Structures are given as structure tokens and as C-alpha cells.
Amino acid sequence: MRVLVACEYSGTVRNAFLDLGHDAWSCDLLPSEDGSNRHIIGNARDLLNDGWDLLMVAHPPCTRLCNSGVRWLTVPPRGKTIEQMWAELDEGAALFSDFWNAPIDRIAIENPVMHKHAKSRIVNFEDFAQSIQPWQFGHGETKRTCLWLKKLPTLIPTEIVSGRAPRVHHMPPSPDRWKERSRFFPGIAKAMAEQWSAVGEA
């Protein structure tokens with residue numbers, strides 16, 4: 001399959017598909033951490049019409065869409081205005097809409113639980129297909145992740161392990177905290193590549 005992994009700079013999901021022989025590419029505004037020549041620096045929206053078989057959006061900007069941040073729409077954080085918060089919400093919803101409605105047969109988008117204002121702004125919105133946890137795929141920690149799926153099966157847990165530490169939630173403030181919070185779990189990426197490859201061969 002030709003696979004586009006959007007909003008990914010780490011290469012984790014891209015490499016999981018590459019390891020199984022797929023023509024996989026990642027795309028992000030940031031350069032790839034591993035220096036791969038399979039990474040495109042730029043806006044993934046510009047690539048959506050390039051004949052992909054599967055679009056995996058690894059971690060779109062979700063700060064204004066997620067339920068945990070809905071409070072900022074009424075009481076903005078220091079240095080921001082309410083108007084800025086709602087404008088950023090509109091931008092995030094438009095990006096999600098462009099990915100969800102892309103002309104690609106199989107689509108997966110990873111995102112936290114959304115609030116009602118985000119849902120109402122997404123074109124052809126559907127509820128997420130499943131929510132998963134890292135501890136179901138070999139990582140002993142918690143970080144609930146929702147998957148919006150189009151013509152793809154829900155993931156089957158591959159390795160349930162002990163450990164329920166919310167490591168990501170407890171990260172201390174730092175300039176790179178946002179990058180570390182968005183880093184994808186290799187066990188989940190491996191499950192995606194293995195289980196969704198069979199769909200591509202059908």
C-alpha cells in the first residue's frame with residue numbers, strides 16, 4: 001500500500017509500515033527525527049490527492065478540540081483572548097475535516113475525546129470507532145487515545161501488560177513537552193501496520 005502518515009515527525013508509524021514492505025511516507029511541518037528520506041517537510045493537506053491507499057494521521061494539533069481543554073473557550077489562558085481561542089478551534093476543526101474527508105479509501109485519525117463545539121464544526125463528523133490504551137500494546141502506562149476509522153477494522157490488543165502510570169500527564173513543564181506528549185507508542189504503531197496490512201491485501 002501507499003501510506004501517508006500525516007502530522008508525524010518521529011517516524012514511528014511510518015517505519016512500522018515500511019518494515020512490512022509498504023510505500024510509506026511521513027509528513028510534518030518539522031523535519032523527521034531520524035533523518036529519513038521518507039519524510040516530507042510541509043503541509044500534509046497538499047498531499048491528500050496524490051493517490052494514497054491509507055492515510056494515518058498520527059497526531060493532528062488537537063489542543064482546542066479535546067475535551068480537557070474546553071474550559072479555555074470561556075476563560076482563556078494568560079496571554080490569549082477568547083477570540084483567539086475560538087479562532088484556533090476553527091482552525092483545528094478545519095484541519096480534522098480536511099483529513100477525515102480526504103479522497104483516500106482508508107483513513108485513521110488519532111485524537112483525544114472531543115468536546116461538542118469541535119464536533120459541530122467538523123464536516124461529516126462521526127464518533128470515534130474505538131479508544132485504546134498503551135498498556136494494551138506492550139507499554140505499561142495510561143494515555144487514552146481515540147481512533148476515528150474509515151474502512152479500517154478496530155485494533156485488537158496485542159500485549160496487555162501491567163502498569164497504569166499516567167507518564168505523559170505527569171510530564172514536567174519544558175520547551176519540548178508538547179513534542180513528548182505527542183510521541184506515538186511503537187507497540188500501537190506495530191499493531192496498526194500488521195492488522196491494517198491485511199485490509200490492504202483484501
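Reader: Which residue stands opposite Leu 55 in β5?

Author: Leu 55 faces Ile 107 there. First, the ground rules: this is a predicted model, where local features need pLDDT of at least 70, side-chain atom pairs count only at pLDDT 80 or more, and totals for chains, interfaces and linings use all residues. Residues are numbered from 1 along each chain as its sequence is written, and side-chain values use heavy atoms, with hydrogens and water left out.

Reader: How many bridges join β4 to β5, and do they run parallel or antiparallel?

Author: Strands are DSSP runs of E, at least two residues, and helices are runs of H or I, at least four, numbered from the N terminus. Two strands pair if DSSP finds at least two bridges between them. Here β4 (residues 54-57) and β5 are parallel, joined by 4 bridges. On β7 (residues 145-150), β5 pairs in the antiparallel sense over 5 bridges, with Ile 107 opposite Lys 150.

Reader: Which way do the side chains of β5 point?

Author: In a regular strand, side chains alternate between the two faces of the sheet. In β5, Arg 106, Ala 108 and Glu 110 point one way, and Ile 107, Ile 109 and Asn 111 the other. All of them are buried (under 20% relative accessible area, with exposed over 50% and partly exposed in between; 1.4 Å probe, protein chains only).

Reader: Where does a charge sit over the ring of Trp 52?

Author: The test is NZ of Lys or CZ of Arg within 6 Å of the ring centre and within 35 degrees of the ring normal. The charged end of Arg 2 is 4.2 Å from the centre of the Trp 52 ring. Likewise, Arg 164 has its charged end over Trp 135, 3.8 Å from the ring centre.
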